[in-house]
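Here are my notes on this one, in the order I'd go through them. Have it open while you read.

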Amino acid sequence: MFIDIWGKKIWYEIYGTEFNDTLLYLHGGPGASCLDFANQAKALSEKIKVVTFDQLGVMRSEAIAENESYSMEYQIEMIEEMRKLLGIEKWSILGHSYGGMLAVLYAHTYPNSIHKVILECPSLCFEDSAKSIAEYLSEHIRSLNNDQAVELCEKIKFTDYQDKAEVVWDLSSLLGYVTDMELRFYLHGISFDEYQMSMDTTDITDEMWPKGERHLMKLLETQPMPDGSLRKRVMMTDNFLPMLIKITAPILLINGRYDPACTKDQIAYIMSNAQNVTQVIFEDSAHFPRIEEAKKYTDTIWSFLDYA
(Lines give C-alpha, C1' and ligand atoms only; values in the text may rest on other atoms or scores of the structure.)
Protein backbone atom coordinates (compact mmCIF):
# COMPACT_ATOMS: atom_id res chain seq x y z
CA MET A 1 0.00 0.00 0.00
CA PHE A 2 1.03 3.62 -0.35
CA ILE A 3 1.44 6.55 1.99
CA ASP A 4 1.52 10.11 0.68
CA ILE A 5 4.46 12.12 2.00
CA TRP A 6 4.60 15.69 0.65
CA GLY A 7 2.86 14.61 -2.56
CA LYS A 8 5.15 11.59 -3.06
CA LYS A 9 3.78 8.05 -3.10
CA ILE A 10 5.84 5.78 -0.86
CA TRP A 11 5.15 2.06 -0.88
CA TYR A 12 5.05 0.54 2.60
CA GLU A 13 3.84 -2.52 4.47
CA ILE A 14 2.87 -3.05 8.11
CA TYR A 15 3.14 -6.47 9.75
CA GLY A 16 1.78 -7.24 13.22
CA THR A 17 -0.73 -4.41 13.23
CA GLU A 18 -2.14 -5.57 16.57
CA PHE A 19 1.00 -4.47 18.42
CA ASN A 20 1.90 -0.96 19.55
CA ASP A 21 5.69 -1.30 19.79
CA THR A 22 7.14 -0.77 16.32
CA LEU A 23 10.30 -1.66 14.43
CA LEU A 24 11.13 0.28 11.24
CA TYR A 25 13.30 -1.44 8.61
CA LEU A 26 15.63 0.70 6.45
CA HIS A 27 16.87 -1.14 3.38
CA GLY A 28 20.29 -0.91 1.84
CA GLY A 29 21.65 -0.38 -1.64
CA PRO A 30 21.18 2.48 -2.07
CA GLY A 31 18.19 1.37 -4.09
CA ALA A 32 17.93 -2.27 -3.04
CA SER A 33 14.29 -2.24 -1.83
CA CYS A 34 12.82 -4.01 1.20
CA LEU A 35 11.81 -7.06 -0.86
CA ASP A 36 14.32 -9.36 0.79
CA PHE A 37 13.20 -8.44 4.32
CA ALA A 38 9.60 -9.63 3.94
CA ASN A 39 10.10 -13.11 5.41
CA GLN A 40 11.95 -11.72 8.40
CA ALA A 41 9.29 -9.02 8.88
CA LYS A 42 6.61 -11.72 9.00
CA ALA A 43 8.60 -13.72 11.57
CA LEU A 44 9.34 -10.70 13.77
CA SER A 45 5.71 -9.55 13.64
CA GLU A 46 4.67 -12.42 15.89
CA LYS A 47 5.75 -10.18 18.78
CA ILE A 48 6.11 -6.62 17.41
CA LYS A 49 4.75 -4.34 14.71
CA VAL A 50 7.15 -4.10 11.74
CA VAL A 51 7.09 -1.31 9.14
CA THR A 52 8.97 -1.72 5.86
CA PHE A 53 9.06 0.64 2.88
CA ASP A 54 10.82 1.30 -0.40
CA GLN A 55 12.68 4.58 -0.22
CA LEU A 56 11.67 7.33 -2.66
CA GLY A 57 12.80 6.42 -6.17
CA VAL A 58 13.13 2.73 -5.37
CA MET A 59 11.14 -0.21 -6.77
CA ARG A 60 7.46 0.29 -5.84
CA SER A 61 7.72 3.86 -4.57
CA GLU A 62 7.37 6.89 -6.82
CA ALA A 63 10.29 7.57 -9.13
CA ILE A 64 12.54 10.60 -8.64
CA ALA A 65 12.25 13.12 -11.47
CA GLU A 66 15.36 13.99 -13.45
CA ASN A 67 15.39 17.60 -12.24
CA GLU A 68 14.29 16.79 -8.68
CA SER A 69 16.49 17.54 -5.67
CA TYR A 70 17.10 14.59 -3.35
CA SER A 71 19.44 13.92 -0.44
CA MET A 72 20.02 11.87 2.67
CA GLU A 73 18.60 14.70 4.78
CA TYR A 74 15.43 14.59 2.67
CA GLN A 75 15.16 10.84 3.33
CA ILE A 76 15.51 11.44 7.06
CA GLU A 77 12.76 14.05 7.01
CA MET A 78 10.51 11.67 5.06
CA ILE A 79 11.09 8.94 7.66
CA GLU A 80 10.18 11.31 10.48
CA GLU A 81 7.08 12.46 8.59
CA MET A 82 6.10 8.82 8.06
CA ARG A 83 6.33 8.22 11.82
CA LYS A 84 3.96 11.11 12.46
CA LEU A 85 1.51 10.08 9.73
CA LEU A 86 1.37 6.52 11.10
CA GLY A 87 0.67 7.85 14.59
CA ILE A 88 3.75 6.23 16.14
CA GLU A 89 5.17 8.05 19.17
CA LYS A 90 8.53 6.26 19.08
CA TRP A 91 9.92 3.31 17.18
CA SER A 92 13.04 1.21 17.07
CA ILE A 93 14.97 1.28 13.79
CA LEU A 94 16.88 -1.41 11.92
CA GLY A 95 19.28 -0.40 9.15
CA HIS A 96 20.98 -2.88 6.82
CA SER A 97 24.18 -1.96 4.93
CA TYR A 98 23.56 1.55 3.48
CA GLY A 99 20.42 1.56 5.63
CA GLY A 100 22.81 1.61 8.59
CA MET A 101 23.91 5.08 7.48
CA LEU A 102 20.28 6.17 7.45
CA ALA A 103 19.66 4.63 10.87
CA VAL A 104 22.65 6.42 12.39
CA LEU A 105 21.75 9.74 10.77
CA TYR A 106 18.10 9.41 11.86
CA ALA A 107 19.05 8.52 15.44
CA HIS A 108 21.49 11.43 15.48
CA THR A 109 18.90 13.86 14.08
CA TYR A 110 15.79 12.69 15.94
CA PRO A 111 16.94 11.02 19.18
CA ASN A 112 13.54 11.53 20.81
CA SER A 113 11.79 9.51 18.08
CA ILE A 114 13.53 6.20 18.75
CA HIS A 115 13.76 3.51 21.40
CA LYS A 116 16.63 1.35 20.10
CA VAL A 117 18.90 1.07 17.06
CA ILE A 118 19.84 -2.14 15.22
CA LEU A 119 22.66 -2.09 12.68
CA GLU A 120 22.82 -5.18 10.46
CA CYS A 121 26.12 -5.42 8.59
CA PRO A 122 26.25 -1.61 8.33
CA SER A 123 28.52 0.25 5.96
CA LEU A 124 29.24 3.47 7.85
CA CYS A 125 32.29 4.56 5.84
CA PHE A 126 31.76 3.75 2.18
CA GLU A 127 35.36 4.09 0.99
CA ASP A 128 36.56 1.76 3.75
CA SER A 129 33.86 -0.76 2.83
CA ALA A 130 34.72 -0.53 -0.87
CA LYS A 131 38.40 -1.28 -0.21
CA SER A 132 37.44 -4.28 1.89
CA ILE A 133 35.06 -5.56 -0.78
CA ALA A 134 37.77 -5.18 -3.45
CA GLU A 135 40.11 -7.27 -1.31
CA TYR A 136 37.32 -9.83 -0.79
CA LEU A 137 36.88 -10.08 -4.57
CA SER A 138 40.57 -10.03 -5.50
CA GLU A 139 41.10 -13.74 -6.01
CA HIS A 140 37.97 -14.07 -8.14
CA ILE A 141 38.87 -11.00 -10.19
CA ARG A 142 42.35 -12.36 -10.88
CA SER A 143 40.85 -15.67 -12.01
CA LEU A 144 38.93 -13.86 -14.77
CA ASN A 145 42.17 -13.03 -16.64
CA ASN A 146 40.82 -9.57 -17.39
CA ASP A 147 43.52 -6.90 -17.06
CA GLN A 148 40.99 -4.06 -16.81
CA ALA A 149 39.15 -5.76 -13.97
CA VAL A 150 42.39 -6.48 -12.11
CA GLU A 151 43.56 -2.88 -12.58
CA LEU A 152 40.25 -1.52 -11.26
CA CYS A 153 40.33 -3.86 -8.27
CA GLU A 154 43.85 -2.71 -7.38
CA LYS A 155 42.84 0.93 -7.85
CA ILE A 156 40.01 0.60 -5.33
CA LYS A 157 42.25 -1.16 -2.83
CA PHE A 158 45.07 1.38 -2.85
CA THR A 159 43.75 4.76 -4.03
CA ASP A 160 43.14 7.58 -1.56
CA TYR A 161 40.08 8.97 -3.31
CA GLN A 162 39.74 12.74 -3.37
CA ASP A 163 36.44 12.58 -5.23
CA LYS A 164 34.52 10.24 -2.93
CA ALA A 165 31.77 9.65 -5.50
CA GLU A 166 34.36 8.07 -7.77
CA VAL A 167 34.84 5.10 -5.44
CA VAL A 168 31.09 4.37 -5.62
CA TRP A 169 31.18 4.13 -9.41
CA ASP A 170 34.44 2.18 -9.35
CA LEU A 171 32.99 -0.41 -7.00
CA SER A 172 29.82 -0.63 -9.08
CA SER A 173 31.96 -1.25 -12.17
CA LEU A 174 34.04 -3.86 -10.38
CA LEU A 175 30.94 -5.75 -9.26
CA GLY A 176 29.86 -5.83 -12.90
CA TYR A 177 32.82 -8.10 -13.66
CA VAL A 178 31.95 -10.64 -10.96
CA THR A 179 30.55 -13.90 -12.34
CA ASP A 180 30.20 -15.79 -9.05
CA MET A 181 26.81 -14.61 -7.75
CA GLU A 182 27.46 -15.73 -4.17
CA LEU A 183 30.47 -13.41 -4.15
CA ARG A 184 28.61 -10.68 -6.02
CA PHE A 185 25.91 -10.52 -3.32
CA TYR A 186 28.28 -11.23 -0.39
CA LEU A 187 26.61 -14.53 0.54
CA HIS A 188 28.06 -17.34 2.63
CA GLY A 189 25.44 -19.48 4.37
CA ILE A 190 23.08 -19.78 1.38
CA SER A 191 23.28 -20.03 -2.40
CA PHE A 192 22.28 -17.26 -4.77
CA ASP A 193 19.22 -19.32 -5.77
CA GLU A 194 18.18 -19.50 -2.12
CA TYR A 195 18.67 -15.75 -1.81
CA GLN A 196 16.44 -15.16 -4.84
CA MET A 197 13.78 -17.55 -3.52
CA SER A 198 13.60 -15.53 -0.31
CA MET A 199 11.89 -12.74 -2.25
CA ASP A 200 8.36 -12.63 -3.66
CA THR A 201 8.61 -10.71 -6.93
CA THR A 202 5.13 -11.57 -8.18
CA ASP A 203 4.00 -7.95 -8.43
CA ILE A 204 7.37 -6.51 -9.49
CA THR A 205 7.47 -5.25 -13.08
CA ASP A 206 10.50 -4.84 -15.33
CA GLU A 207 10.13 -1.06 -15.10
CA MET A 208 10.60 -1.06 -11.32
CA TRP A 209 14.12 -2.52 -11.15
CA PRO A 210 16.09 0.30 -12.92
CA LYS A 211 14.51 3.11 -10.86
CA GLY A 212 17.07 2.71 -8.09
CA GLU A 213 19.89 3.92 -10.33
CA ARG A 214 18.57 7.50 -10.31
CA HIS A 215 18.04 7.19 -6.55
CA LEU A 216 21.77 6.48 -6.22
CA MET A 217 22.80 9.17 -8.68
CA LYS A 218 20.78 11.79 -6.82
CA LEU A 219 22.44 10.84 -3.54
CA LEU A 220 25.83 11.48 -5.13
CA GLU A 221 24.97 14.89 -6.57
CA THR A 222 26.47 17.90 -4.82
CA GLN A 223 23.66 20.40 -4.43
CA PRO A 224 23.08 23.55 -2.38
CA MET A 225 20.86 23.33 0.66
CA PRO A 226 17.18 24.17 -0.04
CA ASP A 227 17.50 27.42 1.94
CA GLY A 228 20.42 28.54 -0.25
CA SER A 229 22.93 28.32 2.60
CA LEU A 230 26.47 27.09 2.19
CA ARG A 231 26.05 24.33 4.75
CA LYS A 232 27.37 21.03 3.45
CA ARG A 233 24.86 18.31 2.70
CA VAL A 234 25.32 14.93 4.32
CA MET A 235 26.59 12.59 1.60
CA MET A 236 26.51 8.79 1.51
CA THR A 237 30.27 8.94 0.95
CA ASP A 238 30.79 10.66 4.32
CA ASN A 239 32.14 8.87 7.37
CA PHE A 240 29.13 8.24 9.63
CA LEU A 241 31.08 6.58 12.44
CA PRO A 242 31.63 9.78 14.51
CA MET A 243 27.86 10.30 14.74
CA LEU A 244 27.64 7.18 16.90
CA ILE A 245 29.39 8.94 19.78
CA LYS A 246 26.36 11.15 20.50
CA ILE A 247 23.69 8.44 20.16
CA THR A 248 22.46 7.46 23.63
CA ALA A 249 19.88 4.87 22.56
CA PRO A 250 20.90 1.20 22.96
CA ILE A 251 22.54 -0.16 19.81
CA LEU A 252 22.68 -3.76 18.57
CA LEU A 253 25.44 -4.47 16.05
CA ILE A 254 24.82 -7.59 13.95
CA ASN A 255 27.78 -8.90 11.96
CA GLY A 256 28.11 -11.80 9.57
CA ARG A 257 31.47 -13.46 10.11
CA TYR A 258 32.24 -13.34 6.37
CA ASP A 259 30.73 -9.94 5.54
CA PRO A 260 33.17 -7.73 3.63
CA ALA A 261 31.13 -4.51 3.91
CA CYS A 262 31.23 -3.90 7.66
CA THR A 263 34.99 -4.02 8.12
CA LYS A 264 37.09 -4.90 11.15
CA ASP A 265 38.05 -1.23 11.54
CA GLN A 266 34.42 -0.12 11.49
CA ILE A 267 33.44 -2.80 13.99
CA ALA A 268 36.32 -1.81 16.30
CA TYR A 269 35.28 1.85 16.14
CA ILE A 270 31.63 1.04 16.88
CA MET A 271 32.47 -1.19 19.82
CA SER A 272 34.92 1.34 21.27
CA ASN A 273 32.95 4.55 20.77
CA ALA A 274 29.20 3.83 20.85
CA GLN A 275 27.78 4.60 24.29
CA ASN A 276 25.57 1.54 24.73
CA VAL A 277 26.33 -1.18 22.19
CA THR A 278 25.92 -4.95 22.05
CA GLN A 279 27.43 -7.11 19.30
CA VAL A 280 26.17 -10.43 17.96
CA ILE A 281 28.24 -12.31 15.37
CA PHE A 282 26.55 -14.73 12.98
CA GLU A 283 29.12 -17.43 12.31
CA ASP A 284 27.62 -18.85 9.10
CA SER A 285 26.66 -15.56 7.44
CA ALA A 286 28.16 -12.86 5.27
CA HIS A 287 26.07 -9.78 4.42
CA PHE A 288 22.55 -11.17 4.99
CA PRO A 289 22.28 -12.82 8.43
CA ARG A 290 18.51 -12.30 8.37
CA ILE A 291 18.33 -14.78 5.44
CA GLU A 292 21.44 -16.90 6.04
CA GLU A 293 20.63 -17.64 9.70
CA ALA A 294 17.00 -16.57 9.85
CA LYS A 295 15.86 -18.20 13.12
CA LYS A 296 18.86 -16.96 15.09
CA TYR A 297 18.31 -13.51 13.61
CA THR A 298 14.65 -13.38 14.68
CA ASP A 299 15.51 -14.55 18.19
CA THR A 300 18.37 -12.03 18.45
CA ILE A 301 16.12 -9.12 17.48
CA TRP A 302 13.38 -10.21 19.88
CA SER A 303 15.90 -10.55 22.71
CA PHE A 304 17.37 -7.09 22.09
CA LEU A 305 13.89 -5.56 21.99
CA ASP A 306 12.95 -7.42 25.21
CA TYR A 307 10.52 -9.86 23.58
CA ALA A 308 12.49 -13.08 24.17
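1. E7, H10 and E8 form a right-handed β-α-β unit; right-handed here means that, with the strands pointing away from the viewer, the path from the first strand over the helix to the second runs clockwise. Helices (H or I, at least four residues) and strands (E, at least two) are DSSP runs, numbered from the N terminus.

2. This is a predicted model, so local features need pLDDT of at least 70 and side-chain atom pairs pLDDT 80 or more, while totals for chains, interfaces and linings use all residues. Residues are numbered from 1 along each chain as its sequence is written, and side-chain values use heavy atoms, without hydrogens and water.

3. Strands E7 (residues 251-256) and E8 (residues 277-282) run parallel, joined by 6 bridges (pairing takes at least two DSSP bridges). Across from Ile-254 sits Val-280 in E8.

4. Have a look at H4 (residues 126-143), too: a kink of about 50 degrees is centred on Leu-137 (the angle between axes fitted to the seven residues ending there and the seven starting there). Leu-137 is also among the buried residues of H4, buried being under 20% relative accessible area with a 1.4 Å probe, protein chains only. The helices that H4's buried residues pack against include H10 (264-273), with contact meaning heavy atoms within 4.5 Å.

5. Cys-153 is buried, at 2% relative accessibility.

Notes. Buried means under 20% relative accessible area, exposed over 50%, partly exposed in between (1.4 Å probe, protein chains only).
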